[in-house]
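Work through the exercises below with the sequence and the 3D view open. Try each task before reading its solution.

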Amino acid sequence: MSGLSSLLVPMEGEGDHSGWPPSAESFNSRPLFPELGPNFAWLNNHMAQAVIGALIVIGVWLWLARRHSVVPGKRQFFGEQAYNLVRNSVARDALGPDFRKYLPYLLALFSFILVNNLFGELFVFMFPTFSKIGYAYGLALCTFILYNAVGIKKWGFAHYMRKMTLPEGVPWPLWFLIIPLEFLSNFIVRPFTLALRLFANLFAGHLVVLVFVLGSTLLMSMSEPIGQFSVGLMKTAGAVGIVFSFAIFALELLIAFIQAYIFTVLTAQYVASSLAEDH
Amino acid sequence: MNEQGNADQGLRIISYLISGLVFYGGLGWLADHLLSTAFWLPIGLILGTVAGIYLVIKRYGRA
């Protein structure tokens, strides 16, 4: 496979990449211990950073939840604000009175995605984990299992399938036309687009960052003119590019937050729609 | 319906339209492929779009 379609399949890219020009190959993982051979190639830098992300999430929440007092200090205040964001504006809005059951999953999901997205802008990793589509598929699979499981548990399998594949008020001659569409939409397209939205935003964002930073660095390191472009012009353009890359980084910080938020919101909505009486 | 519900609704409507195009367009493509014809794909695409729009109206057109 080549081109865009190969991006959508979670496979390890082959071969080393020199870094210029930035391309889909810039996203290839490196095995952490190449000397152990191909059997340990799954133990790569991006998997390690996802695990570290999970540990950070666990650590930060444990730290924020420790030693609470009636009058909150700065640490407790911050923790409560972050918790309230997910609790009030995501879980309670979407799920109504019995939102509490789903709150741990939603909060974990939100903080895990946010931390991993911020890895793309911060030092040490400089790579958003979810710009590898396999990780985004993994999260969407968790959400897929959750919203179907709660739906089946509440309604029973047959009733749930009927509810999810047949809207009310459709005359029976049209059923054969509608049922495959509802099935495809509810069980395949929605979870798939959930993963794609997260992946594509981070992939594109990280690629833009790479182009700006690496391109500007390359321009600034020019020592002889190319065609009608003088050395001074290229160095100036490179310097301007570096300055602009900070604007791109700021945009990426915003996108990191928005994507974590929208993924959590949609997960809550999917759960709500499989619990709803009718829709 | 709150703001997030609206976002979800918009995305679901897109997902219905995509499903219609993919499913019936795919059937049309398959028919063309097997029968060596060239007219089933456009028929499938149009039928799929119609079915998708019908579904959106059925689901959300009441309010």
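A residue is buried if 20 or more other C-beta atoms lie within 10 Å of its own, exposed if 12 or fewer, and partly exposed in between, with C-beta atoms placed from the backbone. This is a predicted model, in which local features need pLDDT of at least 70 and side-chain atom pairs count only at pLDDT 80 or more, while totals for chains, interfaces and linings use all residues. Residues are numbered from 1 along each chain as its sequence is written, and chains are lettered from A and ligands numbered from 1 in the order in which they are written.

**Exercise 1. A pair of helices**

Task: Describe how the axes of H2(A) and H7(A) cross.

Solution. Step 1: take the axes as lines fitted to C-alpha atoms, for helices over the stretch in contact, with angles from 0 to 180 degrees between N-to-C directions. Step 2: helix H2 (residues 74-95) and helix H7 (residues 231-275) of chain A have axes that come within 8 Å and cross at roughly 25 degrees. Step 3: angles under 35 degrees count as roughly parallel, over 145 as roughly antiparallel, 65 to 115 as roughly perpendicular and the rest as oblique. H2(A) and H7(A) are therefore roughly parallel to each other.

Step 1: list the contact, where two residues are in contact if their C-beta atoms, placed from the backbone, lie within 7 Å. H2(A) contributes residues including A:Val86 and A:Val90, and H7(A) contributes residues including A:Thr264 and A:Gln269. Step 5: sort by class. Ala, Val, Leu, Ile, Met, Phe, Trp, Tyr, Cys and Pro count as nonpolar, Asp, Glu, Lys and Arg as charged, and the others, Gly among them, as polar. The contact of H2(A) with H7(A) has 9 nonpolar, 2 polar and no charged residues.

**Exercise 2. Chain B and its partner**

Task: State which helix of chain B gives the most to the side that touches chain A.

Solution. Step 1: chain B has 2 helices and 0 strands. Step 2: in the interface, 17 residues of chain B are in contact with 19 residues of chain A. Step 3: H1 (3-35) and H2 (40-60) of chain B each supply at least two residues of this side. H1(B) gives the most, with 11 residues. Step 4: by class, the side of chain B that touches chain A has 7 nonpolar, 7 polar and 3 charged residues.

**Exercise 3. Positive phi**

Task: State where B:Ser36 lies in chain B.

Solution. Step 1: B:Ser36 lies in the loop between H1 and H2 of chain B. Step 2: B:Ser36 has a positive phi of about 55 degrees, although it is not a glycine. Most residues other than glycine have a negative phi. Step 3: with 7 other C-beta atoms within 10 Å, B:Ser36 is exposed.

Technical notes
Helices (H or I, at least four residues) and strands (E, at least two) are DSSP runs, numbered from the N terminus.
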